[in-house]
Amino acid sequence: MKSLKSGLIILGSVGLLFLGSCSNANQTANTENSPTASTLTTQAPSVSASPATKTDSGHGASHGGQVVETGSYHLEFVPDKEANGTHMDLYLQTGDNHAAVPNAKVTAQVQLPDGQQKTIPFTYDAKDKHYTGLLNEKASGQYQVKITADIKDEKATGRFNFNR
């Protein structure tokens with residue numbers, strides 16, 4: 001009888017270990033060198049995207065940031081630490097031929113590491129064909145960024161993060 005109980009306990013423990021290892025298989029690491037992009041929305045229902053870092057391919061040259069393709073738009077977010085804060089670039093392009101979209105109203109909702117929210121307006125740099133914004137925060141930690149681009153009567157939203 002004791003060997004039956006011992007056998008059931010061992011079998012149950014092995015089963016729990018197996019289930020625990022399977023449930024952790026889909027988690028991803030979020031490091032400073034490998035930021036992730038997450039949920040996107042357009043006028044259509046929500047679309048979830050996996051993290052992606054693109055290289056020069058059929059989709060065009062990457063700028064080294066977090067890339068998200070949603071609906072008919074391609075968004076690439078590139079944060080760059082500077083002495084006075086963080087310079088943020090957004091490459092907003094059409095999804096089919098990756099032509100720059102110059103006529104959008106772009107804003108970023110940034111959640112600081114302490115939980116505060118800041119709204120940062122972006123301006124279009126016609127020379128470099130991308131949108132820029134400056135976050136005047138120097139606190140260390142993870143920043144959550146939600147970028148909204150209003151393009152005529154369409155809306156493209158991308159969620160990104162970065163560490164400082």
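**Aromatic pairs and sheet arrangement in a predicted model**

Four aromatic pairs are counted in this predicted model, a pair being two rings of Phe, Tyr or Trp (its six-membered ring) with centres within 6.5 Å; planes under 30 degrees apart count as stacked, over 60 as edge-to-face and the rest as tilted. Phenylalanine 77 and phenylalanine 162 form a tilted pair, because their ring centres are 6.2 Å apart and their planes stand at 40 degrees. Phenylalanine 77 belongs to strand E3 (residues 73-82) and phenylalanine 162 to strand E10 (residues 154-163), so this pair ties together parts that are 85 residues apart in sequence. Phenylalanine 77 is buried at 0% relative accessibility, and phenylalanine 162 is buried at 5%; buried means under 20% relative accessible area, exposed over 50% and partly exposed in between (1.4 Å probe, protein chains only).

Phenylalanine 162 also pairs with tyrosine 143, here in a stacked arrangement with 5.0 Å from centre to centre and 0 degrees between the planes. This pair links strand E10 to strand E9 (residues 142-151), where tyrosine 143 lies, the two residues being 19 apart. Tyrosine 143 is buried, with a relative accessible area of 0%. Phe77, Tyr143, Phe160 and Phe162 make up one aromatic cluster.

Five strands form an open sheet with antiparallel pairing, in the order E2-E3-E4-E8-E7. Strands are DSSP runs (E, at least two residues), as are helices (H or I, at least four), numbered from the N terminus; two strands pair if DSSP finds at least two bridges between them. Strand E2 (66-70) and strand E7 (123-125) are the edge strands, each pairing on one side only. Strand E7 is joined to strand E8 (residues 130-135) by three bridges, and the two run antiparallel. Threonine 123 has threonine 132 in E8 as its bridge partner.

The mean pLDDT of the chain is 76, and 70% of the residues score at least 70; pLDDT is the predictor's confidence in each residue, from 0 to 100. Confidence is highest in strand E6 (residues 117-121), at a mean of 97, and lowest in strand E1 (residues 37-41), at 39. Over residues 24-59 pLDDT stays under 50, and the model has 62 contacts beyond four places in sequence for this stretch, a contact meaning heavy atoms within 4.5 Å. Where pLDDT is low, the predicted coordinates should not be read in detail.

Residues are numbered from 1 along each chain as its sequence is written, and side-chain values use heavy atoms, with hydrogens and water left out. Because the model is predicted, local features need pLDDT of at least 70 and side-chain atom pairs count only at pLDDT 80 or more, whereas totals for chains, interfaces and linings use all residues.
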